[in-house]
Amino acid sequence: MTDFSDPPAPAPLLEARGLRFCRNDDPVFGPLDLQVGSGEALLVHGGNGSGKTTLLRVLAGLLDGAQGQIFVDGERAGRDRIAQVSALLGHLLGHKGELSASENLRFAIGLYGCRSGITVDMALASVGLAGFEDAPARQFSAGQRKRLALARLLLVPARLWLLDEPYANLDLAGIGLVNRLVERHLAKGGAALITSHGAYATGAVRTRTLTLDAAHA
Ligand SMILES: Nc1ncnc2c1ncn2[C@@H]1O[C@H](COP(=O)(O)OP(=O)(O)OP(=O)(O)O)[C@@H](O)[C@H]1O
């Protein structure tokens with residue numbers, strides 16, 4: 001007999017169950033459950049100190065010792081697997097000040113690989129840094145540094161973007177740029193977790209929300 005039932009939904013790109021992080025036995029966040037699938041953004045809300053940055057660092061595989069389970073594409077994932085599929089844009093942008101914008105990006109490509117169909121010059125132009133290819137990163141303003149980090153995100157082949165306050169230090173055009181880049185990333189099957197104290201302005205993508213409890217702050 002033919003089965004006309006709907007095919008099973010694909011597993012979310014990232015799922016966490018009972019995820020919890022403590023520092024010196026003090027809870028920072030959780031236990032919490034979250035899911036984000038291809039084409040989706042998960043907005044992480046919460047007051048100062050509620051654990052948003054810590055959550056993103058756990059999900060980027062940078063912090064050890066979290067309790068609970070993390071799944072990537074439906075399979076249990078350890079820190080290595082998570083690090084393979086994700087890229088973090090955090091408060092510390094990680095540029096080397098003495099290297100030029102292009103050299104910084106080539107350094108990142110050497111570590112993490114490069115998406116097909118994009119070059120360093122294309123990425124710099126996409127974030128409004130055409131003409132700054134040879135300028136040392138230490139000469140960049142805070143907003144230009146953020147733009148350089150966005151160019152790195154465009155280049156590395158991560159499906160899951162972990163964006164911690166991506167709008168900070170950006171002018172209005174930069175805020176629009178972040179939203180366009182996220183929309184494009186999601187349209188290509190990527191996913192994003194985004195923390196923001198401000199409004200998230202793109203209505204063009206499927207969005208979930210997660211609110212962290214600031215009780216421990
Ligand atoms: N390296 C650290 N060592 C000790 N405690 C830390 C460290 N980093 C963060 N914390 C503490 O962990 C808690 C959560 O911090 P976290 O930076 O994750 O919060 P947040 O929600 O991102 O805050 P904000 O909105 O202010 O950026 C806070 O109480 C903070 O003081």
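Predicted model: local features only at pLDDT ≥ 70, side-chain atom pairs only at ≥ 80, totals over all residues.

Student: How many residues surround the ligand, and which are the closest?

Tutor: A shell can be read by its members, their classes and the elements they come from. In this case 11 residues surround the ligand, the closest being Asn 48, Gly 49, Lys 52, Thr 53 and Thr 54. By class the shell divides into 7 polar, 2 charged and 2 nonpolar residues, and its largest share, 3 residues, is supplied by helix 1 (residues 52–59).

Student: Is helix 1 mostly covered or mostly exposed?

Tutor: For a helix, the general idea is that there are 3.6 residues a turn, so residues three or four places apart point the same way. Helix 1 is mostly covered, since 6 of its 8 residues are buried, namely Lys 52, Thr 53, Leu 55, Leu 56, Val 58 and Leu 59. Just after helix 1, Gly 61 takes a positive phi of about 80°.

Student: Where is Gly 51 found, and is Gly 51 buried or exposed?

Tutor: Gly 51 sits in the loop between strand 3 (40–45) and helix 1. Gly 51 counts as buried because 25 other C-beta atoms lie within 10 Å, the cut-off for that label being 20 or more. If neighbours within four places in sequence are left aside, Gly 51 is in contact with Val 28, Phe 29, Gly 46 and Leu 212. Of these, Leu 212 is 161 residues from Gly 51 in sequence, yet their C-alpha atoms are 7.0 Å apart in space.

Student: At what angle do helix 3 and helix 5 pack, and which residues make the contact?

Tutor: A helix pair can be described by its angle, its axis distance and its handedness. Helix 3 (residues 101–112) and helix 5 (residues 142–155) pack at an angle of about 35°, with their axes 10 Å apart, and their crossing is right-handed. Helix 3 contributes Ala 101, Asn 104, Leu 105, Ala 108 and Ile 109 to the contact, while helix 5 contributes Leu 148, Ala 151, Arg 152 and Leu 155. Sorted by class, the residues of this contact are 7 nonpolar, 1 polar and 1 charged.

Student: Which residues does the cis peptide bond join? And why does Asp 25 count as exposed?

Tutor: The cis peptide bond joins Gly 30 and Pro 31, with omega about 5°, and Pro 31 has its place in strand 2 (residues 26–36). Asp 25, in the loop between strand 1 (14–23) and strand 2, has a phi near 70°, a positive value in a residue other than glycine. Asp 25 counts as exposed because it has 5 C-beta neighbours inside 10 Å. Glu 165 also is not a glycine and has a positive phi, of about 50°; Glu 165 lies in the loop between strand 7 (160–164) and helix 6 (172–187). With 19 other C-beta atoms within 10 Å, Glu 165 is partly exposed.

Technical notes. Residues numbered from 1 in each chain as written. Near = placed C-beta within 6 Å. Helix = DSSP H or I, 4+ residues; strand = E, 2+ residues; numbered from the N terminus. Nonpolar A, V, L, I, M, F, W, Y, C, P; charged D, E, K, R; others polar. Axes fitted to C-alpha atoms, helices over the stretch in contact; angles between N-to-C directions. Left-handed = near helix turned anticlockwise from the far one by under 90°. Contact = placed C-beta atoms within 7 Å. Buried ≥ 20, exposed ≤ 12 C-beta atoms within 10 Å, placed from the backbone.
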